[in-house]
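Visitor: Hi! I'm new to this one. Could you walk me through it?

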Amino acid sequence: MKKYDNNFLDENDIIDCLKRGCEVEFLYQSKKYSITHTLNDEISVTEYNNMASERTYKTAEEAMEYSFGDKLLRDIIGKMKIIDRSF
């Protein structure tokens, strides 16, 4: 049996998690990010202490379009270091 860790397996895994209301904190390229749910039932992705980086999305699928320069959230799933996530 595979030991489960906090990392996501793939894009579908993180989308499923977000659809269930989960929230995530992670590191990518030495920067800390969070994915949370807003009071308006949207999904917010932001770099910590950088409100200018915040983007909100109506669906979990749309949140995969969050940009890290030339990469999208869907492209970095295997490179994220998960700090905390709700299940």
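Guide: Happy to! This is a predicted model. Let's start with two tyrosines: Tyr-33 and Tyr-66 are both buried.

Visitor: How are the rings of Tyr-33 and Tyr-66 arranged?

Guide: Their planes stand at 75° with the ring centres 6.4 Å apart, so this pair is edge-to-face. Tyr-33 belongs to strand β2 (residues 31-37), while Tyr-66 is in the loop between α2 (60-63) and β5, so the pair ties together parts 33 residues apart in sequence.

Visitor: Nice. How many aromatic pairs turn up in the whole structure?

Guide: A search finds six aromatic pairs. One of them joins Tyr-28 and Phe-68: the centres are 5.2 Å apart and the planes are at 70°, so this pair is edge-to-face.

Visitor: And where do Tyr-28 and Phe-68 lie?

Guide: Tyr-28 is in strand β1 (residues 24-28) and Phe-68 is in strand β5 (residues 67-68), so their pairing ties together parts that are 40 residues apart in sequence.

Visitor: Is Phe-68 buried or exposed?

Guide: Phe-68 is buried, with a relative accessible area of 9%. Tyr-28 counts as buried too, at 7% relative accessibility.

Visitor: Which residues form the aromatic cluster?

Guide: Phe-26, Tyr-28, Tyr-33, Tyr-66 and Phe-68 form one cluster.

Visitor: New topic: how many disulfides does the structure hold?

Guide: One. Cys-17 and Cys-22 form it, with their sulfur atoms 2.1 Å apart. The link is right-handed, with 95° about the S-S bond, and both cysteines are buried.

Visitor: Last one: what sits over the ring of Tyr-48?

Guide: That's the charged end of Lys-32, 4.4 Å from the ring's centre.

Methods: Residues numbered from 1 in each chain as written. Predicted model: local features only at pLDDT ≥ 70, side-chain atom pairs only at ≥ 80, totals over all residues. Heavy atoms only, no water. Disulfide = S-S within 2.5 Å. Buried < 20%, exposed > 50% of the residue type's maximum accessible area, 1.4 Å probe, protein only. Phe/Tyr/Trp six-rings, centres within 6.5 Å; stacked < 30°, edge-to-face > 60°. Helix = DSSP H or I, 4+ residues; strand = E, 2+ residues; numbered from the N terminus. Lys NZ or Arg CZ within 6 Å of the ring centre and 35° of its normal.
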